[in-house]
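Open the model in your viewer and follow along. Each stop tells you what to select and what is there.

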Amino acid sequence: MAEAPVLRVQNLRVNYTTRPGLAPAVNDVTFSLRPGERLGLIGESGSGKTTTAMAIMRLLRPPARITAGRVLLGDRDVMSMNQSQLRRVRLSEVALVPQGAMNSLNPVMRVGEQIRDGIAAHGGQREAAQIRTRVAQLLERVGLPPDVARQYPHQLSGGMKQRVAIAIAASLQPKVIIADEPTSALDVVVQRQVIATLAEVQKQARSAVLLIGHDMGLVAQFAHTVGVLYGGRLVELGPAEQIVSSPRHPYTRMLVDSLPELEGKQRLVGIPGLPPALSAMPTGCPFHPRCPWAFDACRASMPPTLEAEEGRQVACHLYPKHSSLPEPPAPPPAQEPADRDAAEAGHV
Amino acid sequence: MSVALPTATQEVEPPEGGILSLLRRGRRDGRVTGLLIGGVVLFVCIILFGVLGPVFVHQSLAQVGAVDPNLPPSGAHLLGTDGQGRDVLAAMIYSTPETVKIGLIAGAIGVGIGVVLALLAGFFRGPVDAVIGAVSDSLLTIPGIAILIVIANHLTQLTAISLGLAIASLSWMVPTRLMRAQVLSVRERTYIAVARMGGESELEIAFREVMPNILPFAAASLVWAVSSAVLASVGLAALGLGTGDVSLGSAVYWMMTYSAVLRGEWWWFGPPMIIIGLLFLSLLMMSLGMDRFVNPRLNDRG
Amino acid sequence: MRTYVVRRIGLLIVIVFIAFTANFLIPRLIPGDPIQAELAQQAAITGNQGVNIAAAAKALDAKFQLDKPVWQQYLAYWDDLFHLDLGYSIQNYPETVGSEIRATIFWTFGLLGFSILVAFVIGCLLGAALAWPTAPRVIRALGPFFMVLGSIPQFLIGLALIFAFATILRILPGGGVIESTQVVAFNFSTIFDILHHSILPAAALILGLIGSWAVGMRGMMISVLGEDYILFAEAKGLSPGRVFLWYGMRNALLPQLTGLAVALGTAVSGAILVEVVFNYPGVGFLLFQAISQKDYFTIQGVVLVLIATLALTLFIVDILYPFIDPRVRYEQ
C-alpha cells in the first residue's frame with residue numbers, strides 16, 4: 001500500500017449558486033485512492049456523495065459549481081484541465097458507472113455500439129472485427145453473452161443494464177472507476193451480483209474504485225476503506241472493518257447500529273430526525289441536532305478533521321479528548337418534530 | 001399522491017373578492033402572466049374595433065361601389081378604397097366582427113361538445129370511451145379543410161351560424177382529448193369517492209363534481225378551438241366560400257382576385273392582413289398564457 | 001409486429017371509409033337539390049357553354065342515378081371509386097377529374113414535400129439549438145419569431161413575401177410556375193425557371209411550418225438532455241457533437257416524426273391557399289378554380305384524393321416508425 005495515490009481529492013467544495021446563503025453541497029472533503037484500492041463513500045441523500053463523484057469527473061451541471069479544492073489524477077490537476085483534456089481523461093483514466101441502471105443507456109442505440117462509442121472516442125481499435133471481439137470480451141467479463149451487443153437497452157433487465165454500464169466503464173482499463181450508487185433500483189439479489197461483477201472487473205483491471213452508496217452493509221462488504229458523508233462533510237474515514245467494529249463519529253455509530261443483524265434478535269434502530277437541507281444547515285457541526293452526544297461546542301463551531309492515526313480521520317468535537325466513542329450521555333431524542341425544529345432554529 | 005391535491009370545496013368555491021383581486025392573486029403566484037393579459041387586451045381591442053367602429057363610419061361605405069375604387073389613403077378615406085369601390089376602413093370595421101363571431105361560435109360549440117364527450121368517455125370508459133376515441137382519432141387524421149370545403153360548397157346559404165356549426169363539427173376532437181385526460185385524473189380524487197358514497201349518480205358526479213375542475217382546461221381548449229375556427233373560416237372565405245362579402249376572409253379573396261398585392265395597393269391588402277395577423281397573435285399569446293394557467297408547473301422551467 | 005400492422009391497416013380502412021362516406025352523405029343530407037341548383041347556376045354564369053351543360057347534366061344523371069334508392073347510389077359511388085373514376089370536370093368538360101388531378105398533383109407533391117422536409121429539418125435543428133443552455137441570443141430570438149409566424153395563416157406570409165420580393169424589390173416572380181416566354185422542355189432553363197418560381201411559395205410554407213416543430217423539438221430536447229444517458233455519454237468522454245446528435249437529437253427526434261405525420265393535415269390545408277395566392281398550378285389551385293366555377297365533380301375528386309393521400313401517408317409513417325424507433329419495435 002505504499003504506492004502513490006492515483007486520485008487525490010483535496011479540500012473539495014461545491015456550491016449551488018442559485019441563491020446566496022445556501023450551504024455548500026460538498027464542504028472541504030479530502031481523501032485519496034491508491035491503485036487497486038476500494039473506497040466506499042456512504043451518506044444519506046443530500047449528503048453530497050453524488051455531487052462529489054460528479055465533481056471529480058467535472059460533470060457537474062449548473063447551478064452546481066466547484067468553488068474550492070483540488071482533484072489530482074496522479075499528479076495532474078483535473079480542475080485546471082480544459083474541455084478536450086477532460087474528454088481524453090474521462091473513461092480512459094476515470095470512468096463512471098452511473099446511478100439509475102434504468103436510464104443510463106441510450107434507448108435507441110444497440111448495446112455494442114454504446115460500448116464501441118467510448119472506445120472509439122479515445123482512438124481505440126479501429127478494425128471492425130477487432131472491435132467486435134473486444135466488445136464480446138468486455139461483455140463476457142461482466143458475465144453477459146456476446147449477443148447482448150446486438151440488443152437494445154430496453155430488452156435487458158435492470159441488472160444486465162448495470163453490467164453493461166460496468167463493461168463500458170472498464171472498457172479502457174481506467175485507473176479509477178467511480179460507481180455512483182450502481183445498485184439503486186435493483187433488487188437485493190441482483191445488487192449483490194452487480195457488486196460482485198464490479199469487484200471482478202476491478203481486480204482484473206487493477207483499477208481503484210470509488211463506490212458511492214447509502215447502504216452501509218453493501219458498501220462496507222465491498223470496500224477496503226469507508227468514508228462517511230454528512231451534510232456535505234466527510235465526517236469519518238477509515239478501514240472498513242474498523243469503521244464497522246469501532247466507529248468514532250456518532251453518525252457512523254448510528255449508521256452501523258441501524259444495520260440489520262443476520263443472527264440474534266433484530267435491533268433495528270433508525271436515526272431520528274432528517275438530514276439537513278442546504279438552505280437550513282445548522283451552525284457548528286451539521287449533525288448536532290440529531291446527535292445524542294452533542295454539547296455546546298457542537299452548536300458553536302464546525303469540528304476540524306483530525307487524523308488520529310494513519311488513514312483514520314474523524315471530524316467530531318469528542319476528539320481528541322476521547323480515544324474512542326463513549327456511551328451516549330442520554331437516550332437518543334425520540335420525537336422527530338422536535339428535531340426538525342431544532343434544525344430549523346439553528347439555521348443561519 | 002393525493003396529499004398535495006386541493007380538496008373539492010376549495011376548488012369549487014367561488015373566488016372571493018371579485019375579478020380584480022383574483023387577477024392580483026393570480027399574478028402573484030405566477031399563474032396569470034403578462035402574455036395572457038396582453039393576449040386578452042389585444043383580443044378585446046380587436047372586438048372593440050368592430051363594436052365601436054360603426055359609431056364613426058357608416059355601413060354604407062362598406063358596400064361595393066359606394067366610393068371611387070383604388071384610391072390611396074386620404075382625409076376622406078383614412079385607409080383608401082379598394083378595387084370594388086369600398087372604403088377599406090369601413091370594410092374592415094364591418095368584416096372583423098363577422099370573422100370573430102364565426103370563430104367564437106364554432107369554438108364554443110366545439111369545446112361544448114368536447115366537454116360532454118370528455119366527461120362521457122372519462123366516466124363511463126369501456127366501449128363509450130373506445131368509440132369516442134376511435135372516431136376522434138380518425139377524424140383528426142382527415143384534413144378538416146377538405147370536408148369543410150365539401151360542406152360549405154353545398155350549403156345554399158352560408159351564415160355565421162351555419163358555417164360556425166360546420167366548423168364546430170370538426171373541432172371537438174382536440175378539446176375532447178385534452179379534457180378526457182383531465183377527467184380521468186380528477187375522477188380518482190378522494191372527494192369523488194366521497195360524493196359517490198353520498199349516493200350521487202355517476203352522471204351527477206360527472207357534471208356536478210368533475211366538470212368545474214375541467215373548466216380551466218375548457219378555457220384553454222376554447223382559445224385553441226377559436227384559433228383553428230378562425231383559421232378555417234378565413235381559409236374558406238379566401239377560397240370563395242365565405243359568408244357574403246363582409247368578412248376578413250372574403251377581403252382576402254377579393255384582394256387576391258384583383259391582384260392587389262402585385263399592384264402594390266398596400267392600403268387595400270395591408271389592413272386585412274394586419275388584422276388577421278393581430279387576431280392570431282392575440283390568440284397565440286392567450287394560449288401560451290393559458291398553458292401556464294392550466295399547468296403552473298411550467299413556471300419552474302426556463 | 002404483425003398485429004400492429006394489421007391493426008394499422010384496419011385503422012386506414014376505417015378512416016378512408018368514414019371520410020369517403022361523409023363525402024357521399026354530406027351533399028345528400030343538406031336540404032334542397034344542390035346539384036340542380038348548381039347546374040342552374042352554372043348555366044347562368046356560363047351561358048355560352050350550353051353544350052357543356054347539357055353534356056354535364058347527362059353525366060350527372062348517369063353518375064348519381066338520382067332516381068334510384070340511396071343505397072344503390074352509394075354502391076355505385078364505391079364502384080366508381082374502385083375504378084378510380086372520379087367523373088367528368090364541369091369546368092373543363094370533356095376532361096375527366098382524374099386527368100385534371102394527375103396534371104396538378106405533382107406540383108403539389110413537389111412543393112409540399114420539399115417545404116415540409118426543409119421546415120422539419122430547420123425546425124428540429126432550431127428547436128434543438130434552443131434547448132442548448134448556451135445558445136446564442138440570436139437563436140433564442142428566433143424561437144418566438146417563428147412561433148408567431150406559425151400561428152398566422154401561411155398564405156398571409158405568402159402575400160407579404162409577394163409584396164416584398166415581387167412588387168417592391170422585383171427580384172422574384174410573384175406567381176405562376178413558369179414564365180410565359182419560356183419554351184417548356186426538359187432542360188436546364190425550364191427547371192431553373194420552375195425552381196425560380198417556387199422559391200416564394202416554398203418560403204411561405206417553410207416559414208409558417210418551422211415554428212411548431214421548433215417548439216415541439218425544444219420541449220423534447222430539454223427533457224432528453226436531462227436524462228441519465230446524456231450524463232453517461234459525457235462521462236464516456238464523447239465529443240459534445242456526438243452527445244448532442246447521437247444521444248440527444250436521435251432520442252428527441254423520434255416523437256417528432258409522429259408529429260410530422262399529424263402536422264401533414266395542417267400543412268396540406270395551408271398549402272391549398274398558398275398555391276392560390278401564388279397561382280401555383282397544384283391541386284389547391286385546381287380546387288380554388290373548381291369552387292369559383294362551382295365544379296362539383298372536381299371539388300369532390302380533389303377532396304377525395306387529398307384525404308386518401310393523407311391517410312396513406314400517415315399509414316406509411318406509422319408502419320415505418322417501428323423500424324426507426326427500436327423501443328416501439330419490440331414492445332409489440
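**Stop 1: a pair of strands.** Select strand β3 (residues 38-42) and strand β8 (residues 208-213), both in chain A. These two run parallel and are joined by five bridges. Keep in mind that the model is predicted. Now pick A:R38. Its bridge partner in β8(A) is A:V209. As a rule, strands of a sheet pair through backbone hydrogen bonds, either parallel or antiparallel.

Stop 2: You will find A:N11 in strand β1 (residues 7-16). Its phi is near 50°, a positive value in a residue other than glycine. Most residues other than glycine have a negative phi. Is A:N11 buried or exposed? A:N11 counts as exposed because it has 12 C-beta neighbours inside 10 Å.

Jump to B:N70. This residue sits in the loop between α3 (34-56) and α4 (88-124) of chain B. B:N70 is not a glycine, yet its phi is positive, at about 55°. With 16 other C-beta atoms within 10 Å, B:N70 is partly exposed.

**Stop 3: where chain B meets chain C.** Show both chains. Here 32 residues of chain B are in contact with 45 residues of chain C. On the chain B side, α5 (126-141), α6 (144-154), α10 and α12 (266-294) each give two or more residues. Which element gives the most? That is α6(B), with eight residues. Colour this side of chain B by class: 23 residues are nonpolar, nine are polar and none are charged. Then select B:I149. Its contacts include B:L241, C:L287, C:I299 and C:V303.

Stop 4: In soluble globular proteins, nonpolar side chains tend to be buried together.

**Stop 5: a buried loop residue.** Select C:L86, in the loop between α4 (70-82) and α5 (97-131) of chain C. C:L86 counts as buried because it has 22 C-beta neighbours inside 10 Å. Its contacts include C:T96, C:V97, C:G98, C:F297, C:G301 and C:L304. C:L86 and C:V305 are 219 residues apart along the chain, but their C-alpha atoms are separated by 9.7 Å.

**Stop 6: where chain C meets chain A.** Finish by showing these two chains. In this contact, 20 residues of chain C meet 24 residues of chain A. On the chain C side, α9 (228-235), α10 (240-277) and α13 (326-331) each supply at least two residues. The most come from α9(C), with seven residues. By class, this side of chain C has 10 nonpolar, three polar and seven charged residues.

Terms used. Residues are numbered from 1 along each chain as its sequence is written. Chains are lettered from A and ligands numbered from 1 in the order in which they are written. This is a predicted model: local features need pLDDT of at least 70, side-chain atom pairs count only at pLDDT 80 or more; totals for chains, interfaces and linings use all residues. Two residues are in contact if their C-beta atoms, placed from the backbone, lie within 7 Å. Helices (H or I, at least four residues) and strands (E, at least two) are DSSP runs, numbered from the N terminus. Ala, Val, Leu, Ile, Met, Phe, Trp, Tyr, Cys and Pro count as nonpolar, Asp, Glu, Lys and Arg as charged, and the others, Gly among them, as polar. A residue is buried if 20 or more other C-beta atoms lie within 10 Å of its own, exposed if 12 or fewer, and partly exposed in between; C-beta atoms are placed from the backbone. Two strands pair if DSSP finds at least two bridges between them. Lists of a residue's contacts leave out its neighbours within four places in sequence.
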